[in-house]
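User: Hey, I'm new to this one. Can you walk me through it?

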Amino acid sequence: MLFFKPEYIQLDKANGDALFVRKEVKPKKRTMVVVDDNHYAIFIKEGVYHNALSTGKYSVLNKGEKNVSKVEFIFLSKTNAIEVKWGTPSRLDMTWQDEHIKVGVSGTFEVQISDPRKVYFEFIQPDKDFSIEKMQDKLRSRMSSEIQPILAKALQESNIAYDQMAQSCTELSDIIKPTVLDMLNKDYGLKLCSFMLDAILVDG
């Protein structure tokens, strides 16, 4: 009786710290994928999303399954953080405490992947040329476009005078962080690790 040794698809040591790695193969009867503790794997069969895999060892083909010409695995890091630096492209028009002001805001946040399925459909599946840099660009654009109402709510909660805003980055960051955390988790499947307003520029 012939014994066929399994063929394993897995990250090699050189890619162990990577945020994002694609591997594509023509599967054999005993092809298996190995997902380590630090990664998720998106399983795509014949170009169609099949599953999001966590730590473990999985058979690629079902019993009796034949004629599968291509499978792809996208390994996504659970532990590495993605840093996003953002800023408003122009001053925001705001009215605060009966003062009409223009405000420019910039900041930095870091995220980790918590829901690989959502990350796949929000970032990877729509873009054949997906990269971490494009993911950062999308998050940067979203943050810049959403900050005005978030900042206005934070100012209302803190009651900070407009001429003290520039000196209140840490306090405002702490107030804003839960809203950003909720947005990134619900919309993108990302866990917010850190959030900080780096600068607030106010023109009275």
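This is a predicted model: local features need pLDDT of at least 70, side-chain atom pairs count only at pLDDT 80 or more; totals for chains, interfaces and linings use all residues.

User: Okay, and which side chain does Glu-72 meet in a salt bridge?

Analyst: That would be Arg-22, with an N to O distance of 2.5 Å. The two come from distant parts of the chain, 50 residues apart: Glu-72 is in strand S7 (residues 71-77) and Arg-22 is in strand S2 (residues 20-25).

User: Is Arg-22 buried or partly exposed?

Analyst: Arg-22 is partly exposed, because its relative accessible area is 35%, which falls between the 20% and 50% cut-offs.

User: Got it. How many salt bridges does the structure hold?

Analyst: Ten. One of them joins Glu-122 and Lys-138, at 4.0 Å from N to O. That pair also links distant parts of the chain, with Glu-122 in helix H1 (residues 116-124) and Lys-138 in helix H2 (residues 132-158), 16 residues apart. Glu-122 is partly exposed at 30% relative accessibility, and Lys-138 is partly exposed with a relative accessible area of 33%.

User: What about Arg-140, which side chain does it meet in a salt bridge?

Analyst: Asp-137, at 2.6 Å from N to O. Both sit in helix H2, three residues apart, or about one turn of the helix. Arg-140 counts as partly exposed at 27% relative accessibility, and Asp-137 is partly exposed too, with 44% relative accessible area.

User: Which residues are linked in a network of salt bridges?

Analyst: Arg-142, Glu-146 and Asp-187 are linked that way.

User: Nice. Which elements give two or more residues to that lining?

Analyst: S2, strand S4 (39-45), strand S5 (48-53), S7 and H1.

User: And how do the residues of the lining divide into nonpolar, polar and charged?

Analyst: There are eight nonpolar, two polar and eight charged residues.

User: What is Thr-88 in contact with, leaving aside its neighbours within four places in sequence?

Analyst: Thr-88 is in contact with Val-103, Gly-104, Val-105, Ser-144 and Ile-147.

User: Last topic, the inside. How many residues has the largest nonpolar core?

Analyst: It has 45 residues, and those with the most contacts inside it are Phe-109, Leu-139, Leu-151, Leu-184 and Leu-190. H2 gives the most to this core, with nine residues. As background, nonpolar side chains tend to be buried together in soluble globular proteins.

User: Take Leu-184, then. Which residues does Leu-184 touch?

Analyst: Not counting residues up to four places away in sequence, Leu-184 touches Phe-109, Val-111, Leu-139, Gly-189, Leu-190 and Leu-192. Another core, of 14 residues, lies apart from the largest one, and Ile-9, Val-33, Leu-53 and Val-71 are among its members.

Notes
Residues are numbered from 1 along each chain as its sequence is written. Side-chain values use heavy atoms; hydrogens and water are left out. Helices (H or I, at least four residues) and strands (E, at least two) are DSSP runs, numbered from the N terminus. Buried means under 20% relative accessible area, exposed over 50%, partly exposed in between (1.4 Å probe, protein chains only). Ala, Val, Leu, Ile, Met, Phe, Trp, Tyr, Cys and Pro count as nonpolar, Asp, Glu, Lys and Arg as charged, and the others, Gly among them, as polar. Contact means heavy atoms within 4.5 Å. A nonpolar core is a set of buried Ala, Val, Leu, Ile, Met, Phe, Trp, Tyr and Cys residues joined through side-chain atoms within 4.5 Å.
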